[in-house]
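Let's take a walk through this protein together, one stop at a time. Keep the picture open beside you and look for each residue as it comes up.

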Amino acid sequence: DVKITEVVIEEYAPVNDVTVSGTITGAAAAGVTKVSFKNLSDEDAELVQADVDADGKYTAVLKRINGETRYAAVVTATGYKIQDADDADKFTLIGNGATATADFTIVEAPMATLSGTLTGPMDALIAGKGDLTLKLMPDNTAMAPIEVPITKVSDGNYSFENVKVEIDRTYTPVLVNADDYEIKDDLKVVESDLTDGKKDGVVITATAKPVYKVSGKFVTSNREDSDVTKITFKNIDTPAYTYSVDVTGNTYEIDLRDATYETSVVSEAFEPFDHVIVDGEDVTNDIYLIGEADTSEVSYRETITVGT
């Protein structure tokens with residue numbers, strides 16, 4: 001048998017703001033005057049920046065949530081970086097202490113200059129979505145993306161030049177305002193690729209995302225034929241992306257990429273009550289249409305029969 005003989009309750013006042021200080025070796029020689037901290041436990045958290053003095057010392061106040069939050073340190077200095085081998089640029093705030101220490105070392109980050117082309121995004125699929133932008137996302141998520149200035153050469157063809165990237169670093173190219181496209185290949189430059197520190201003729205290819213057949217019939221609330229002449233699917237996550245098809249009769253068919261869509265129709269009598277999820281395969285989905293409620297008077301009957 002077991003019995004509880006004593007319960008001790010202690011007040012726990014969590015310390016959420018932690019003063020972190022330390023030394024960044026080699027900061028002065030690299031011209032580093034600021035250091036930024038990225039919260040790796042909360043991707044939506046803002047970067048915290050701190051000044052770095054002539055001796056490489058810094059102090060920053062960082063959040064610690066639920067007793068444990070992980071951070072990465074980043075500096076912006078062309079040709080230099082915080083040593084990130086074996087996660088030396090990262091640290092975790094654990095426990096309930098009000099202070100912590102984290103030291104870092106600056107090392108050289110040899111850079112390469114790239115020029116080349118982006119091919120793929122056609123005007124018809126990106127029109128009205130905003131300015132097309134290309135970013136290179138470093139494999140170290142604490143590092144800021146590299147914005148690649150692109151110049152349109154012709155429909156589906158763009159050029160870029162003098163883009164600086166770190167040698168031996170893997171980057172994932174990402175398009176902004178072109179959600180119907182994807183870039184499947186990462187980008188990595190090694191020393192043997194370079195001539196005088198440069199690499200020309202880099203080709204980044206974007207391809208249209210795969211689409212799947214979505215089809216079905218219209219089911220009306222009054223069991224009459226549908227009068228729908230057009231159906232539109234709006235991507236719930238990115239509402240700027242809509243896809244429409246003209247229809248006749250009581251069925252529809254359209255090609256859509258993976259996403260969740262809400263529907264709208266052109267109709268004199270009905271409104272749709274439906275959404276569609278596309279996830280890697282063809283979808284059969286009936287669209288339910290609601291008409292105006294029948295509010296006409298019903299003649300008196302002594303007996304009402306339900307069913308047949």
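Start by finding Leu118. Setting aside residues up to four places away in sequence, Leu118 touches Leu132, Ile150, Gly156, Asn157, Tyr158, Phe160, Leu175, Ile183, Ile204 and Ala206. Keep in mind that this is a predicted model.

Now hop over to strand E15, which covers residues 170–176. Thr170 lies in this strand. Leaving aside neighbours within four places in sequence, Thr170 is in contact with Met137, Pro138, Asp139, Asp186, Leu187 and Lys188.

If you follow E15 onward, you come to Asn177, in the loop between E15 and strand E16 (181–182). Asn177 has a positive phi, near 70°, and this is a residue other than glycine. With a relative accessible area of 26%, Asn177 is partly exposed.

You'll find Asp87 in the loop between strand E6 (80–82) and strand E7 (90–94). Asp87 has a relative accessible area of 39%, so this residue is partly exposed. Asp87 also forms a salt bridge with Lys90, where the closest N and O atoms are 3.5 Å apart.

That brings us to salt bridges in general. How many does the structure hold? There are 16 salt bridges. Take Lys63 and Asp17, whose side chains meet with an N to O distance of 2.7 Å. Lys63 lies in strand E4 (residues 57–63) and Asp17 in strand E1 (residues 17–25), so this pair ties together parts that are 46 residues apart in sequence. Both ends are partly exposed: Lys63 has 45% relative accessibility, and Asp17 has a relative accessible area of 38%.

Another one to look up is the salt bridge between Arg169 and Asp84, at 2.8 Å from N to O. This pair links distant parts of the chain, with Arg169 in the loop between E14 and E15 and Asp84 in the loop between E6 and E7, 85 residues apart. Here, both Arg169 and Asp84 are buried. They're also members of a network: salt bridges that share partners join Lys81, Asp84, Asp139, Glu166 and Arg169.

Next stop, Asn39, in strand E2 (residues 34–39). Its relative accessible area is 8%; buried means under 20%, so Asn39 counts as buried. What does its side chain do? A polar atom of the Asn39 side chain lies 2.8 Å from the backbone nitrogen of Ser41. The backbone nitrogen of Asp42 lies 3.0 Å from a polar atom of that Asn39 side chain. Not counting residues up to four places away in sequence, Asn39 touches Ala45, Thr69, Arg70 and Tyr71.

Let's finish on the outside. Phe273 lies in the loop between strand E25 (270–272) and strand E26 (275–278). Is Phe273 buried or exposed? Its relative accessible area is 61%, and exposed means over 50%, so Phe273 is exposed. Phe273 forms a nonpolar patch on the surface with Tyr288 and Ile290, and together they have about 340 Å² of accessible area.

Conventions: Residues are numbered from 1 along each chain as its sequence is written. This is a predicted model: local features need pLDDT of at least 70, side-chain atom pairs count only at pLDDT 80 or more; totals for chains, interfaces and linings use all residues. Side-chain values use heavy atoms; hydrogens and water are left out. Helices (H or I, at least four residues) and strands (E, at least two) are DSSP runs, numbered from the N terminus. Buried means under 20% relative accessible area, exposed over 50%, partly exposed in between (1.4 Å probe, protein chains only). A polar contact is a pair of N or O atoms within 3.5 Å; within protein, one must be able to donate a hydrogen and the other to accept it, and residues adjacent in sequence count only if both atoms are side-chain atoms. Contact means heavy atoms within 4.5 Å. Patches are made of residues with over 30% relative accessible area and no salt bridge: like charges are joined within 9 Å, nonpolar side chains (Val, Leu, Ile, Met, Phe, Trp, Tyr) within 5 Å. Accessible areas come from the Shrake-Rupley method with a 1.4 Å probe; for residues, only the protein chains shown count as cover. A salt bridge is a side-chain nitrogen of Lys or Arg within 4 Å of a carboxyl oxygen of Asp or Glu.
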